[in-house]
Amino acid sequence: MEILTAIVVMALGALTLGAALGYAAIRFKVEGDLITGKIEAILPQTQCGQCGFAGCKPYAEAIARDEAEINLCPPGGDEGARKLADLLGREFKPVSGGGDGEAAKPKLTAIIREAECIGCTLCIQACPVDAIVGAARQMHTVIDALCTGCELCVKPCPVECIDMAPVPETLATWKYAYPVIPIKSVERASDVSHNVAAMNDAESSHQKVA
Amino acid sequence: MLQKLFKFKGGIKPAHHKAESRGTPIAAAPLPGHLVIPLSQSAGEAAQPVVAVGDKVLKGQFIGKAEGWLSSAVHASTSGTVIAVEPRLMPHPSGLATLSVVILPDGEDRWMPLQAPDYKNMSLKSVLQYLQDAGVVGMGGAGFPSHVKMQDSAALGDLVINGAECEPYITCDDRLMRERAGEIIAGSGIIRDLLQVKRVLIGIEDNKPEAIAAMQAAVEAAGETTFSVVAVPTLYPAGGIRQLIRVLTGKEVPVDQRSTDLGIQCFNVGTALSVWRALNLGEPVVSRVVTLTGNVEQPGNWEALIGTPMNELLALARPRADTDGVIMGGPMMGIPMPACDVPVTKGSNCLIARSPTLFPPPPPEMPCIRCGACARACPQELQPFELYWWSRARQFDKAREYHLSSCIECGCCAYVCPANIPLVQYFRFSKSEIRAAAREQKMADSARARFEFKQFRAEREKAEKAEKLARAAAAQAAKLAAERDAAPEGESGAVGDAADAKQAVIAAAVERARVQRAETDSRDA
Amino acid sequence: MSHYFFLLIGAVLVNNVVLVKILGLCPFMGVSKKLSTAYGMGAATTFVLTLATGASFIIDHYLLMPAGLEYLRTLSFIVTIAAIVQLTEMMIARTSPLLQQVLGIYLPLITTNCAVLGVPLINISHGYGFMESLIFGAGSALGFSLVLVLFAGIRERVNAADVPPAFKGVAIGMVTAGLMSLAFMGFAGLDR
Amino acid sequence: MNFISPPYLHAETSVRRVMNRVMLALLPGIVVYTALVGVAIIVQILLACFFALLFEGLFQKLRGRSLASLQDGSALVTACLIALTFPPLSPWWLTVLGVFFAIVIAKQLYGGLGQNPFNPAMIAFAVCIVAFPALMSQWPAQGLYLPLSQQMEVIFGVSPRIDALTAATPLDAIKTALKMDSFTGSIQELLKSQSLYGTFAGRGWEWVTTAYLVGGLFLVQRRVITWQVPVAFLASMTVISLICWLVDPTRFSDPLFHLFSGGTMLGAFFIATDPVSGCATPTGKLIFGGGAGLLAYLIRVFGGFPDGIAFSILMMNICAPLIDVYTQPAIFGMRRGGKKKEREHE
């Protein structure tokens, strides 16, 4: 008898709650998700596909659906993975799999050896961000400023005339280093002493003038 | 002189070390063996070279054309021959090279014909254009083009002429004010007229009584009534723009605004002199006064040509044997030079010969104990230990929350730090990382836009193709229906032939390229 | 009145649900990496916990006790709490996008928060009345939010510290929580 | 070769010097304390210092770091504070245990100097008083001066049972009396009747705390610490004890008693002022000091422990990061003249 009461009470409770929830699910339905946009804003938009998805947006959607790890994006690096971890409240995982102190891969840009280009337009089609210009049977060239370094154009080239080269440092892109005692300072030191020698030479030449 | 002065919080009082170099008058430096004139000498883009190797140039001749409004023109500092236009090491902490014009002097130091402009009857815009072409930039060190600072002159009330020279060791502005006060006042007068301001405040630290007296005398001699020479208390960094404005006017420039938003514009005394020279004599900026001091036998001030290699210039002051490098600027904010032969630029106010005894290497960095000494010393009233904490951990968002962008990198915090932490270096690191991240974000956004557009295009093309195919198929079907009796084979065969032909062309090209590469490879080997 | 006051203070500090009763550690460790999220979680928990104590009191007193089904307490409380959380989440998602942004991702986490189950059970074992239950519930929730936010403040700093690699992350968080618990022992005896 | 970066000039300061000044300021207190209870306290200090350096060194070795950090003096300051807050005749292993918790758990696990959220010495005290409440309240009976050999026996002995030699501190005595329902008299009478306790805070002990006060004032004068924390600490304790005393002078002792008994002065000038685990902003320091003083009074009078300094400071340590976040002072250009605009420019 007691068991029966228990079953009835629980069943009633479950029914009530179920009904309420079911009603609420219909009544308070919302569409759209905010999170994908936020994830995509963090991804570096190289559209390189190294994550295994066809671009940054599909990857963002996969993360939002909890179907992908957050550490699959090499161009975003550990910094990007950390931001994703923050946003999603997940545990941070280093991208490279190695220690997180590892130096990031230098940024690359594609360069077409123009003498060898046959003008097949395959690389233009492969470039996800329209950074290669040219026309059929004409020489192609990469617009440096637009290239994301995704390397997607390298494989399609039938004559293998596309190289990936590190982006040279300019005054605009130069950054101050993290303040640690540099280990390679020996080279710099010899450089300076060489220059001091030069300065002393200059001094003696001046004295000669005087 | 009876001006009410204000205070800013923080600041430090390091030993001045100005006595060494302030005693002797400014002397003209001899012509160096060659001149390396960097084309990047202003805050904007590098100037474009307008001379080629082998060209003969005269002193003051145009050699670099300004590239955009924030850029500034560059001139030959002496007469001679252009022997190279190539990237050379520049006086910058990066140790990067920039396009420079190398001139072999002919020894005559002959000016090109100079003609002073009739600036009083010119429009403001053309005066500013003239200043840009004369290469007038801030002589205090930052090298911000002066014409840009004069462009929005609306609603300006005060002009501040900065003669504070608060950094230890440096005395070039001190000497300049003592020896060329008249020109400086005249230049300031020109700026005042261009900007149409009501009041000119000349702030000079009170450890330079001779300069104050000279400037005072020059003001009286010129009969200027809008000028007041103000002795400000010696406290580093009283020469910082925001700090000087605070001391002189009591106004605090809000963090997200510029001084001009409060109706105040600020120029260095050296800049005022350059303006006077450019507009009264027609002389472009080809030289500047440089303090040579530090580990040298004969400290002093020299008028040096822009582009003089630093080691040749410093040799005039006879550096001692244990000198191991050069610092451009003062001991608080100066930049260690990547090499000793980098050229003097328009911003090189001081060269300090460095030695391990003069500036002993800092003791090893200890952990921060949050003692707060840096916060008490910070003239911007920041919390440097918090900035350090987050910068060290590379949490740049946090560093930004603690107003990293307001840091003026004056070095007060690192000066007082008991743990010897190179705080400024941490802040510079953080700032450049933040800048880089912003740049990358911008690039990523535009990449996304292009990617999405490309996808949209692909979709559209696909749709169009599908439509076309459908239409063609329909036509084909109709045709087939009409000509069911005729031979259907031929047409599809033709299509196949066309595809084959295209394949053959590509294969031939691939073959050609392979041969070509093999050739180049064998050549390389 | 003073009885209620001491009950509240006791629930917030002296018998703090996390640091003294050691309940609700999961969200305490999980959602304390950033201050902003800690605030969101604290607010959501306070809301749900207060509601849950009230609801469970009603269920216990008017459903389970009359039917003699006290042994079904745990089960029925879990179901009730889960339903309340779900309902709240749906309502918030619909009615207030702002609140949704603040609380959205934390609400489902509360379902599995043992503090939310523990506090109603403590209420019943102490024999609190309805008003007392509500105050104890709200006090516990405030205590939870308080230490969560304080903990997040410490963790933000500690995460930037030079912690030995073996102790990085949750490990040093556990040590910190232990030391906080130690400090909260100082309140022992203050509620009388 | 070191990293060369501006500024190249540097003021004459170092962490070592700061720590040395703190030790120097502790000296008057140590001297008076020694005069009061004997050489035992010196032995305890040496013991604590030795093990503090040992643990710190071992940990640094374990992490593969250089031992240079041993020279900063921070471990010694922590060790001194532990020795001074523990009962002078506590067994040696108790001191060592305290040092272990302070140096290894509270300090090195967080990365060492400058990174610990809690005051190490107070962690040591709290751990030990929770784990060994009897030993930690075993203070030598006031005025009882044991010969050195006997003190060593107590500290290093195998079975140091010296109940006869120890007594409750005045703070403890009052609390015990208040907790007893049978207690009817006033605490003034209690203190006088025992004749053990001196003029205003226990015989002799008020001189130790006065010596701490002198040392603390020296630190303030030398700018090693700022005034905010001690002033707020002492002020809040004065105010709350004054209020309670005025309400019922028979049950609550006067402010002077509270200021000069237990660890008040040591806490206000030497422990709550620890910059690492405390607040850093001026307003934050006031809140920190005020909160610590208030909590210390509440815990020592109403709580379950003989003195509340350790717990109150740990409690404020917990709050410190948050207080700092919300008491950030306006920066140059955010206050006068300018509107208080939100950050995020540029």
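What follows is a conversation about how several labels in this predicted model are reached.

Biologist: What makes A:R137 exposed?

Modeller: A:R137 has 11 C-beta neighbours inside 10 Å, and a residue with 12 or fewer is called exposed, so A:R137 counts as exposed. It is placed in the loop between strand 2 (132-133) and strand 3 (141-142) of chain A, and its phi is near 65°, a positive value in a residue other than glycine.

Biologist: Why is B:E165 called buried, although its place is in a loop?

Modeller: The label rests on the count of neighbours: B:E165 has 30 C-beta neighbours inside 10 Å, and the cut-off for a buried residue is 20 or more, so B:E165 counts as buried. The loop in question runs between strand 9 (158-163) and helix 4 (172-179) of chain B, and phi of B:E165 is near 45°, again a positive value in a residue other than glycine.

Biologist: Why is B:Q257 described as partly exposed?

Modeller: B:Q257 has 15 other C-beta atoms within 10 Å, and because that value lies between the limit of 12 or fewer for exposed residues and that of 20 or more for buried ones, B:Q257 is partly exposed. This residue lies in the loop between helix 7 and strand 12 (264-268) of chain B, and from B:Q257 to B:N420 there are 163 residues in sequence and 33 Å in space, C-alpha to C-alpha.

Biologist: Which residues of helix 3 of chain A are buried, and how do you know that they lie on the same side of the helix?

Modeller: In this helix, residues 56-64, the buried ones are A:C56, A:K57, A:Y59, A:A60 and A:I63. Around the axis they cover an arc of only 160°, and therefore they are on the same side of helix 3 of chain A. Helix 2 (35-42) and helix 4 (77-88) of chain A are included in what covers these buried residues, and just after helix 3 of chain A comes A:D66, which takes a positive phi of about 65°.

Biologist: How many helices and strands does chain A have?

Modeller: Chain A has six helices and four strands, which follow one another along the sequence as α-α-α-α-β-α-β-β-β-α. Of the 210 residues in chain A, 25% are buried.

Biologist: How many residues do chain D and chain B give to their contact?

Modeller: Chain D gives 39 residues and chain B gives 45 residues. On the side of chain D that touches chain B, 18 are nonpolar, 13 polar and eight charged.

Note on methods:
Residues numbered from 1 in each chain as written. Chains lettered and ligands numbered in written order. Predicted model: local features only at pLDDT ≥ 70, side-chain atom pairs only at ≥ 80, totals over all residues. Helix = DSSP H or I, 4+ residues; strand = E, 2+ residues; numbered from the N terminus. Arc of directions from axis to C-beta. Contact = placed C-beta atoms within 7 Å. Nonpolar A, V, L, I, M, F, W, Y, C, P; charged D, E, K, R; others polar.
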